[in-house]
Amino acid sequence: MSASELAAAVGRALDVDGEAFHERAREEAAQLKEEVRSGTFDNSEAIVGMELELYAVDDRTDALRRMPRHLLELIGFEKELGLHNAEMQTSPQPLNSHGLAAQRNELKASLLPAQQRVQSEGIRLVSDGMWTVPPNGETAREYLCDCVEEDGIRIGTNMTDAVRYHTMANTGYPSAFELDAPHVSLSAETVMPESLITSIQPHYQIPHAPDLPEYFTYALRIAAPVLALSVNSPFFPPDLYDDAPDADIVADAHMENRVGVFESVLNPAEGDSTPPKVCFPPDFDTVEDVIDDIVEDDTIVPRRLQSGTRFDDDFVHFRHKHGSYWRWVRPVFEGPTRSAANARIEFRPLPAQPTVDDAVAFEALVAGLMESLVQFEHPIQSQDWETARENFYAATRDGLDADIEWITADGTTTTSTDEIYGELFEHARDGLEGRGLSTEAAHEYLRPLRERADRRMTPARWKHDYVRKRVEENVPLAEAIWGMQAAYIRQQEETLLDGTFLDWLE
């Protein structure tokens, strides 16, 4: 699509009656509530799924590469925000031994031929929380900020040609399009800086849809300790840093910058009264409250929509609103057919991981916890929401070193990392065993993460230690970060499909 064609499409997207759109969404929400109450969105068993995002690099230099569109189609991956991005989704599977194995096998079965195909073009797909080496001959600032104006419409030069992404840069919603992190500053005119980050997103379908608020409350309380285990983006591309001493940049680095990037780029600037869209969500009392929160959320890009052949096309305006309901834990109501209709929780704060088995371990951890904590009515459910939120942002800053507050099974409040993770893994194991996994199989899925907790070592800490040591040896920061990135990619080449992050520590 040419720039003029894209600008024309964006112009048409902007010319939509927002109030009429919202009224349709409210009508559909009322219908959706009736379907939920009647049991349409119930499932006979828990279901799991996964989204996995990657970015492309030059196979020789590790520099970011734009992914040719025809190549993306050939390997069966989906477009994401940046031209360097690729995304895949697993097919939903029952939470049992065969379902988890199918999730793992599907990821590997898709990634293996994809890597082989892109290598013929000199490209490697990388699973990582944030890229740090810009394309050859460009700075990261240039790549992220480059845009053109066509007929008064701003078009991000390195953004995928999906109309919705470009429309977001031209609406009245006051996204800041900025980066706000220690010693980092960047201001853009589009959402393109968000393409710095990549994620995994485990999904857990609720057996009985009206129970979603209870599961959601637990999901918010486990968000911090699970995120702390996953952290994988302590450094930005070096040219985005301000003129500060290298040692200060390293010392002040957050362990998980992905959360801050998403929030500072897409939310309104500080001081603006518009409610943020990317945030730690509230607790809900009823499933109707969940639906109301989605339908009343600001819609950045209203659209003219027609019902299609899917069952949930009866709620097509509501589903479109949900597409920009950017909460770190997100409720979803969806289904291509009435029999497949489901209510699920998307666990969204996790960065992409070093290996497939690491990603599946998080899927198993989240699903096992959802099963066990709810069944045992664990007292963590009573933790103040404000404490859960403070825990979450502490985890983004400090990873496993964060001072996270937890309530144990006997009602005692603790900040002991050993106590917190000892209990989390036991409940996750119990939840997986309750779905038919053997004790040995449950331990095997969770072992990569249990070892992270025991060793106090995450991918972010591995990266940070590498860069810190080089800077202490008087290596310039840029060279240290790029050296770390090269080491990460080389380690991943050997372990992405047949190993875990633990193999990097041996």
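## Helix 12 and helix 15

In this predicted model, helix 12 (residues 356-375) and helix 15 (residues 439-455) are roughly perpendicular to each other, because their axes cross at roughly 95° and angles of 65 to 115 degrees count as roughly perpendicular. The two axes come within 8 Å. Two packed helices are described by the angle between their axes and the distance between the axes.

On the side of helix 12, the contact is made by Asp358, Val360, Ala361, Phe362, Ala364 and Leu365. Helix 15 contributes Tyr445, Leu446, Pro448, Leu449 and Arg452. Of the residues in this contact, 9 are nonpolar and 2 are charged, with no polar ones.

## The buried side of helix 10

Helix 10 spans residues 287-295, and its buried residues are Val287, Val290, Ile291, Ile294 and Val295. These residues lie on the same side of helix 10, because they cover an arc of only 130° around the axis. An α-helix has 3.6 residues a turn, so residues three or four places apart point the same way.

Several elements cover the buried residues of helix 10, including helix 2 (18-37), helix 7 (212-230), helix 11 (316-322) and strand 10 (329-334).

Strand 5 (residues 147-150) and strand 6 (residues 153-156) run antiparallel and are joined by 4 bridges. Valine 148 has isoleucine 155 in strand 6 as its bridge partner.

The hairpin has 2 residues between the strands. In this hairpin, aspartate 151 takes a positive phi near 55°.

How values were computed. Residues are numbered from 1 along each chain as its sequence is written. This is a predicted model: local features need pLDDT of at least 70, side-chain atom pairs count only at pLDDT 80 or more; totals for chains, interfaces and linings use all residues. Side-chain values use heavy atoms; hydrogens and water are left out. Two strands pair if DSSP finds at least two bridges between them. Buried means under 20% relative accessible area, exposed over 50%, partly exposed in between (1.4 Å probe, protein chains only). The arc is that of the directions from the helix axis to the C-beta atoms. Contact means heavy atoms within 4.5 Å. Axes are lines fitted to C-alpha atoms, for helices over the stretch in contact, and angles run from 0 to 180 degrees between N-to-C directions. Angles under 35 degrees count as roughly parallel, over 145 as roughly antiparallel, 65 to 115 as roughly perpendicular and the rest as oblique. Ala, Val, Leu, Ile, Met, Phe, Trp, Tyr, Cys and Pro count as nonpolar, Asp, Glu, Lys and Arg as charged, and the others, Gly among them, as polar.
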